[in-house]
Amino acid sequence: MKDSGDYQPYSYFQLMEVSLRELLVEKGIVTEAQVEATVEDMRNRTPERGARVVARAWLDGNFRKKLLEDGTAACEQLGLDVPALRLVVVENTPAVHNMIVCTLCSCYPRMLLGIPPDWYKSRNYRSRAVREPRAVLAEFGLALPEQTKIRVHDSTADMRYLVLPMRPTGTEGWSEERLASIVTRDCMVGVAVPRLD
Amino acid sequence: MVEARFKPGDRVRVRKVYPLGHIRTPYYVRGHSGVIERICGAFGNPEELAQQRSGEPKQPLYRVRFLQKDVWPGYVGNAGDAVEVEIFQHWLE
């Protein structure tokens with residue numbers, strides 16, 4: 001921002017962030033290096049992590065079973081640290097489609113998907129995902145048949161959710177990497193399904 | 001830790017009360033009935049934690065499944081469409 005040469009005064013929240021950070025460093029509660037390392041760690045969390053988990057579950061039945069029983073433990077087995085909060089993985093089937101929302105704020109499986117998209121935090125999505133999920137999914141381009149049941153998961157407390165999508169037909173014999181490449185963030189939030197096009 | 005009073009499959013109702021403070025029970029399920037989907041464990045009470053208190057004793061946390069048609073008047077969709085919400089034990093009866 002500063003390297004553009006155009007001086008812009010700090011916004012209210014930027015000023016709050018700088019003031020708070022400098023105060024915490026000055027008081028010796030955290031160091032600048034710790035803050036930088038944490039920011040870097042957050043940047044490194046991307047939906048590729050979640051996609052790896054999904055692809056592994058598609059290939060390895062035992063892993064899939066464990067993932068559905070205890071998402072946190074299964075991710076740890078892959079070397080993915082899922083700190084503090086518990087991961088609940090919900091599986092799409094021909095009969096049930098799952099989608100995730102946090103109606104109260106913007107709880108999101110950041111450890112596997114990174115920073116949530118703006119629409120996930122919007123009042124529009126948060127209020128309508130529980131009230132009219134079918135209409136919301138249609139707006140995302142996902143028209144579900146009437147006979148498919150929708151389960152909306154509202155992340156109101158200490159759990160975080162990840163949707164395990166169905167593996168599309170036509171992916172037989174694919175490697176884990178290739179499978180992971182079709183698992184997008186939206187598939188794991190449940191507003192899309194993996195496609196081969 | 002407070003002992004769990006409900007088990008998966010139990011029918012429960014969310015208390016229809018409107019206290020002030022940091023409440024993690026959404027308005028839209030208050031007063032509605034659903035079924036315990038699973039016990040998530042026991043966690044610090046967020047209403048206490050938000051007041052800088054200890055959150056102890058930890059409260060059992062459940063995932064409760066509500067049928068959409070029970071929650072929203074005039075809901076359009078499959079009769080089996082559901083919404084699942086995490087709710088602390090002291091909100092359930």
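Reader: What makes a pair of residues in chain B a contact, and what share of the contacts with a separation of 6 or more comes from residues 24 or more positions apart?
Author: Two residues are in contact if their C-beta atoms, placed from the backbone, lie within 7 Å. In chain B, residues 24 or more positions apart make up 58% of the contacts with a separation of 6 or more. This is a predicted model, where local features need pLDDT of at least 70 and side-chain atom pairs count only at pLDDT 80 or more, while totals for chains, interfaces and linings use all residues. Residues are numbered from 1 along each chain as its sequence is written, and chains are lettered from A and ligands numbered from 1 in the order in which they are written.

Reader: Why does the radius of gyration of chain B agree with a compact globule?
Author: The globule rule is 2.2 Å times the number of residues to the power 0.38, with the radius taken over C-alpha atoms. For 93 residues the rule gives a value near 12 Å, and chain B has 14 Å, which agrees.

Reader: What makes strand 3 of chain A and strand 4 of chain B a pair, and in which sense do they run?
Author: Strands (E, at least two residues) are DSSP runs numbered from the N terminus, and two of them pair if DSSP finds at least two bridges between them. Here there are four bridges, in the parallel sense, and strand 4 of chain B covers residues 82-88. One of the bridges joins D154(A) to V85(B).

Reader: How many residues make up the contact between chain A and chain B?
Author: 18 residues of chain A touch 19 residues of chain B. Strand 3 of chain A gives the largest share of the chain A side, six residues.
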